[in-house]
Amino acid sequence: MQTERIEIDSQIWGRSVLCIRSFNTANDFHTSEADYIAHHDPAYVYSAVEISDVPRIEYLSHAGFSPVDCQLQLKASFRRQFDTSAHGLSYRQVVTQAQLDEVLSIAAELDFNDRFSRDPAVPPGFATQRYLAYIRQSFAANSDEIWSVCDSGTGRLLTFRSHRHMGNGEVQLLLGGVRKELHGEGLGAISTHFCFNQMTAAGIRRAITRISMTNKPVFDLEVTHFGFRYQSACLILRKCYPRHPTGELT
C-alpha cells in the first residue's frame with residue numbers, strides 16, 4: 001500500500017491526513033493499516049477509487065471506509081473566444097500581496113458544501129481554512145496562477161480563479177469564487193469567458209478539472225454551458241481515527 005501525507009491538510013487539522021494512492025486487494029488491509037497508524041497516527045485517511053471498480057470499493061468498505069463524495073474529471077479545449085467588452089470589467093493576474101489578501105477575503109466568506117464541510121468528524125472551519133491555504137500555495141508556486149475579474153473603474157476584485165500549468169499546453173483548473181454579495185449576478189459565467197480568452201491568448205490548448213457531483217451550479221455551468229467533456233468518475237472513501245497515545249488500533 002502506498003500512502004501520502006497531505007501536508008497542508010495535516011497542518012490545518014493538527015494531525016496527519018493521509019491519502020492512499022495505491023493498494024492491492026489481495027493483501028491484508030489491517031497489516032497496512034497498522035503500519036500507517038504506527039508511522040503517522042492519522043486523523044483522516046482517504047482514497048479515490050474509480051466508480052466502476054467495485055472490488056476496490058468493497059475492499060475499503062469492509063475495512064471501515066465510508067463514501068463521502070463522487071468526483072468527476074472533466075476536460076475542455078480552448079477554441080472559442082468570448083466578447084467581454086460590454087461588462088465594464090477586466091481580467092488581471094493576482095500578483096501583489098494586497099490583491100491576494102482581497103482574494104482571501106472573498107474565499108473566507110464562501111459557503112462550503114464539500115466532503116469536509118458536510119462531515120461531522122471533520123473539525124469546524126476546516127473546509128474554509130483548507131481552501132485559504134491552497135490559495136496561498138498557488139500564489140507562492142511558480143507553476144500556478146491566480147486571476148481575478150475586476151471592476152475596471154475601481155479596480156475592486158469581484159471573482160478569483162486559479163490554475164496550474166501541467167505542460168504541453170495543458171492546465172489544471174483549481175479553485176474559484178465570487179464575492180458573496182454578487183452571487184446570482186452571472187459573474188461565474190463571465191469569469192469563465194475571461195478565463196477562456198486568457199488561456200487562448202497564452203497558448204493554452206486544454207484544461208482538466210475535478211468537481212464534486214454535489215456541486216450542481218458548477219457542473220451545470222461547465223458541462224452544459226461551456227462544453228466540458230466527461231473523462232472519469234471517482235468515489236472518495238474515508239476513515240477517521242481517534243488519537244491514541246500508543247498508536248495502536250482499538
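These are my notebook entries on a predicted model.

**Ground rules**

I number residues from 1 along each chain as its sequence is written, and I leave out hydrogens and water, so that side-chain values use heavy atoms.

**Entry 1**

I took helices (H or I, at least four residues) and strands (E, at least two) as DSSP runs, numbered from the N terminus. Two strands count as paired if DSSP finds at least two bridges between them. I looked up the strand order and found an open sheet of 10 strands, S1-S2-S3-S10-S4-S9-S8-S7-S6-S5, with mixed pairing. Strand S1 (2-5) and strand S5 (89-93) stand at the edges; each has a single partner strand, so one side of each is left without a neighbour in the sheet. The twist from one strand to the next averages 30°.

I then checked two of the pairs. S2 and S3 run parallel and are joined by three bridges; in S3, tyrosine 46 is the bridge partner of cysteine 19. Strand S7 (residues 159-167) and strand S8 (residues 170-178) run antiparallel, with seven bridges between them. Phenylalanine 160 stands opposite glycine 177 in S8.

I call a residue buried under 20% relative accessible area, exposed over 50% and partly exposed in between (1.4 Å probe, protein chains only). S3 is largely enclosed by the rest of the structure, because five of its seven residues are buried.

**Entry 1: helices on the sheet**

Contact means heavy atoms within 4.5 Å. For angles I used axes, which are lines fitted to C-alpha atoms, for helices over the stretch in contact; the angles run from 0 to 180 degrees between N-to-C directions. Helix H2 (residues 29-40) lies across S1, strand S2 (17-22), strand S3 (44-50) and strand S10 (229-240), and runs at about 140° to S2. H4 also packs on the sheet, touching S5, strand S6 (144-151), S7 and S8, with its direction at about 110° to that of S7.

The buried residues of H5 include Phe126, Tyr131, Leu132 and Ile135. Among the elements covering the buried residues of H5 are helix H1 (7-13), H4 and S6.

**Entry 2: nonpolar cores**

A nonpolar core is a set of buried Ala, Val, Leu, Ile, Met, Phe, Trp, Tyr and Cys residues joined through side-chain atoms within 4.5 Å. The largest has 27 residues, of which Leu89, Phe196, Met199 and Phe228 touch the most other members. Strand S4 (66-77), S5, S6, S8, helix H6 (187-201) and strand S9 (206-212) each supply at least two residues of this core. H6 gives the largest share, seven residues. Leaving aside neighbours within four places in sequence, leucine 89 has contacts that include Val149, Leu158, Leu187, Ile190 and Phe194. A second, separate core of 16 residues includes Leu18, Ile20, Ile37 and Leu60.

I found aspartate 119 in the loop between helix H4 (97-108) and helix H5 (126-140). Aspartate 119 is buried, at 6% relative accessible area. Its side chain makes a polar contact of 2.7 Å with the side chain of arginine 238, and a polar atom of that aspartate 119 side chain lies 2.9 Å from the backbone nitrogen of alanine 121.

Serine 148 lies in strand S6 and is buried at 1% relative accessibility. The serine 148 side chain reaches the backbone oxygen of threonine 159 at 2.5 Å.

**Entry 3: positive phi**

Most residues other than glycine have a negative phi. I listed two exceptions. Aspartate 41, in the loop between H2 and S3, has phi near 45°. Asparagine 168, in the loop between S7 and S8, has a positive phi of about 55°. Asparagine 168 is exposed, at 65% relative accessibility.

Note on methods
Predicted model: local features only at pLDDT ≥ 70, side-chain atom pairs only at ≥ 80, totals over all residues. Polar contact = N/O pair within 3.5 Å; in protein donor to acceptor, adjacent residues only side chain to side chain.
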